[in-house]
Amino acid sequence: MKKILVVDDSSDIRLLLSRTLKAAGYTVSEATDGDEALAATLSYEPDMILLDVAMARVDGFKALAHLKQDPRTKRIPVIMVTAKGHPSDLETARSLGALDYINKPWAHGEVELRVQWAITSVMRKREQDAQLKIDRLAG
């Protein structure tokens, strides 16, 4: 069963995302802000992180930058979740290493679909990378 870390300063959003993901068969853990995100990621070792952009103390972009700079967490896919739908925010998220971006409010089924796509996409990429290494060693 895949593990998802939900990071959002809104308890309502954390609850909604957690319930949605649990109903889709995922195991879920939560963190309340960007400060907690790195520590929670290291202790929980999630397969994916859903990370809010606008949070007090450390925002989602800063938390994403820290996650992607740390060798222990940089390979974990991150989907940003935000009410800020500006193209510049999407560009910032992608440039920092986010795999995808979900706008609040999201459509019914969107979270589950994007999480499944992201996990599958990352797994395929890792399998392809492993095969390339094998081919180079054999070649």
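Predicted model: local features only at pLDDT ≥ 70, side-chain atom pairs only at ≥ 80, totals over all residues.
Q: Okay, where is Glu45 found?
A: Glu45 sits in the loop between H2 and S3. Its phi is near 50°, a positive value in a residue other than glycine.
Q: Is Glu45 buried or exposed?
A: Buried means under 20% relative accessible area, exposed over 50%, and partly exposed is in between (1.4 Å probe, protein chains only). Glu45 has a relative accessible area of 56%, so Glu45 is exposed.
Q: And what about phi of Arg57?
A: Phi of Arg57 is near 65°, again a positive value in a residue other than glycine. Arg57 is in the loop between S3 and helix H3 (60–69), and counts as exposed at 62% relative accessibility.
Q: Switching to the sheet: in what order do the strands come?
A: The order is S2-S1-S3-S4-S5, 5 strands in an open sheet with parallel pairing. Strand S2 (27–31) and strand S5 (100–103) are the edge strands, each pairing on one side only. Two strands pair if DSSP finds at least two bridges between them.
Q: How many bridges join S4 to S5?
A: There are 4 bridges between strand S4 (residues 78–82) and S5.
Q: Now helices. Which strands does H5 lie across?
A: Helix H5 (residues 110–138) lies across S1, S3, S4 and S5, and runs at about 175° to S5. Axes are lines fitted to C-alpha atoms, for helices over the stretch in contact, and angles run from 0 to 180 degrees between N-to-C directions.
Q: Which H5 residues are buried?
A: Glu110, Val111, Val115, Ala118, Ile119 and Val122. The buried residues of H5 pack against S1, helix H1 (11–23), S3, S4 and S5, where contact means heavy atoms within 4.5 Å.
Q: Last one: what joins Lys104 and Pro105?
A: A cis peptide bond, with omega about -10°. Pro105 is in the loop between S5 and H5.

Technical notes: Residues numbered from 1 in each chain as written. Heavy atoms only, no water. Helix = DSSP H or I, 4+ residues; strand = E, 2+ residues; numbered from the N terminus.
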